[in-house]
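Dear colleague,

Please find below the structure that I am handing over to you. My notes on it follow directly after.

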Amino acid sequence: HRFGMQNCNPAKTPFADTTQLHKRLDDEEPADETLYREMIGSIGYLPTYTRPDLAFTVSKLSQYLSNPSVLHMQAAKHVLRYIKGTLDYGIYYAPSSEPHPFGFCDSSHAADPDDRKSHAGLIFFFNLGGIIWESGKESVVAISSMESEYMELSEAAKEAIFLRKLSASINIPINKPTMILTDSQSALNHVKNNVKHARTKHIDTRFHYIREVYTANQVDLQHVPAVDQAADILTKPLGLNKHIEAVKLLKLVQFPYEQSSRL
């Protein structure tokens with residue numbers, strides 16, 4: 001209603017097809033900057049609290065707040081159309097036989113066409129539903145997909161340690177390593193083998209944090225097939241079929257939730 005989109009046609013994905021956005025070029029028509037900021041600021045409340053499926057979208061569109069083009073405005077309105085069709089989406093939690101957090105992390109190497117930085121994401125689950133998720137550009141340029149995945153593993157490890165400390169503070173100690181799943185076998189090997197290669201010796205020491213906590217048995221790492229990678233939706237736009245499957249991996253369901261019809 002605020003942006004006059006209450007009667008819009010719903011969209012099935014946050015991005016049209018596999019949209020690749022970039023900074024506004026000189027020959028591209030500028031958009032209303034104030035309106036664009038208000039729109040993205042309003043949409044931004046959703047992924048903060050209950051909609052991890054919108055985390056990448058908001059992160060990406062937020063990069064153009066200072067100089068949006070009409071293409072960015074069209075993308076923002078497309079997000080509102082997606083929200084219109086998914087107003088009843090929410091996170092489903094359920095009792096679990098092993099109530100311990102576990103996470104996924106992923107990255108899309110050199111995904112940003114302007115600065116060639118990778119876009120990465122992570123999500124941790126507890127009792128089957130997401131409790132922490134992040135999506136954003138990595139701080140430095142990675143020269144390989146292995147490097148970008150490795151750096152995101154360290155970010156995920158920080159969240160895992162935070163969750164372990166949080167659990168202990170409320171008298172729910174975690175007595176086994178916290179599982180982190182990635183679809184990058186090369187990044188896993190780089191952590192577990194703890195070897196130095198000429199092509200990776202330039203990696204900043206702060207990104208080797210994952211090795212430290214893995215060696216200390218605080219986190220465990222496991223490979224997951226790309227089709228089961230729950231963090232994939234946090235790193236790039238997805239086509240319709242992949243988006244539908246990704247929403248299922250996030251444990252987002254339509255409410256009111258009828259358990260008997262969905263199990």
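Which residues are buried in helix H8 (residues 240-249)? In this predicted model, they are His-243, Ala-246 and Val-247. These three cover an arc of only 100 degrees around the axis, which places them on the same side of H8. Residues three or four places apart in an α-helix point the same way, because there are 3.6 residues a turn. The opposite picture holds on the face of H8 turned away from its buried side, where Asn-241, Lys-242 and Lys-248 are exposed. The partners against which the buried residues of H8 pack are helix H4 (70-85), strand S1 (89-91) and strand S7 (252-254). Just after H8, Lys-251 adopts a positive phi of about 60 degrees.

I turn next to the chain as a whole. Its secondary structure comprises 9 helices and 7 strands. The radius of gyration is 19 Å, close to the 18 Å given by the globule rule for 263 residues, so the chain is as compact as a globular protein of that length. The C-alpha trace spans about 55 × 50 × 35 Å along its principal axes. Buried residues make up 46% of the 263. Of the contacts between residues at least 6 apart in sequence, 76% join residues at least 24 apart.

The sheet may be of interest to you. It is open, has 5 strands in the order S4-S3-S2-S5-S6, and its pairing is mixed. Strand S4 (129-137) and strand S6 (219-223) lie at the edges with a single partner strand each, so one side of each has no neighbour in the sheet. From one strand to the next, the twist averages 20 degrees.

The individual pairings are as follows. Strand S3 (residues 119-126) runs antiparallel to S4, with 8 bridges between them, and Phe-125 stands opposite Gly-130 in S4. S3 is also paired with S2 in the antiparallel sense, over 7 bridges; here Asp-106 stands opposite Gly-121 in S3. S2 and S5 run parallel and are joined by 2 bridges, with Phe-104 opposite Leu-181 in S5. Strand S2 (residues 102-108) is mostly covered, 6 of its 7 residues being buried.

A helix also packs on this sheet: H6 (residues 185-193) touches strand S5 (178-182) and S6, and its direction makes about 145 degrees with that of S6.

The final topic is the nonpolar interior. In soluble globular proteins, nonpolar side chains tend to be buried together. The largest nonpolar core here has 40 residues, and those with the most contacts inside it are Ile-43, Leu-61, Phe-104 and Ile-123. Two or more residues of this core come from each of helix H1 (33-43), helix H3 (55-61), H4, S3 and H8. H4 gives the largest share, 7 residues. Leaving aside neighbours within four places in sequence, Leu-61 is in contact with Phe-15, Leu-21, Tyr-36, Ile-40, His-72, Ala-75, Ala-76 and Val-79. There is also a second, separate core of 24 residues, which includes Phe-124, Ala-160, Leu-163 and Val-191.

With kind regards

Note on methods
Residues are numbered from 1 along each chain as its sequence is written. This is a predicted model: local features need pLDDT of at least 70, side-chain atom pairs count only at pLDDT 80 or more; totals for chains, interfaces and linings use all residues. Side-chain values use heavy atoms; hydrogens and water are left out. Two strands pair if DSSP finds at least two bridges between them. Helices (H or I, at least four residues) and strands (E, at least two) are DSSP runs, numbered from the N terminus. Axes are lines fitted to C-alpha atoms, for helices over the stretch in contact, and angles run from 0 to 180 degrees between N-to-C directions. Contact means heavy atoms within 4.5 Å. Buried means under 20% relative accessible area, exposed over 50%, partly exposed in between (1.4 Å probe, protein chains only). The arc is that of the directions from the helix axis to the C-beta atoms. A nonpolar core is a set of buried Ala, Val, Leu, Ile, Met, Phe, Trp, Tyr and Cys residues joined through side-chain atoms within 4.5 Å. The radius of gyration is taken over C-alpha atoms; the globule rule is 2.2 Å times the number of residues to the power 0.38.
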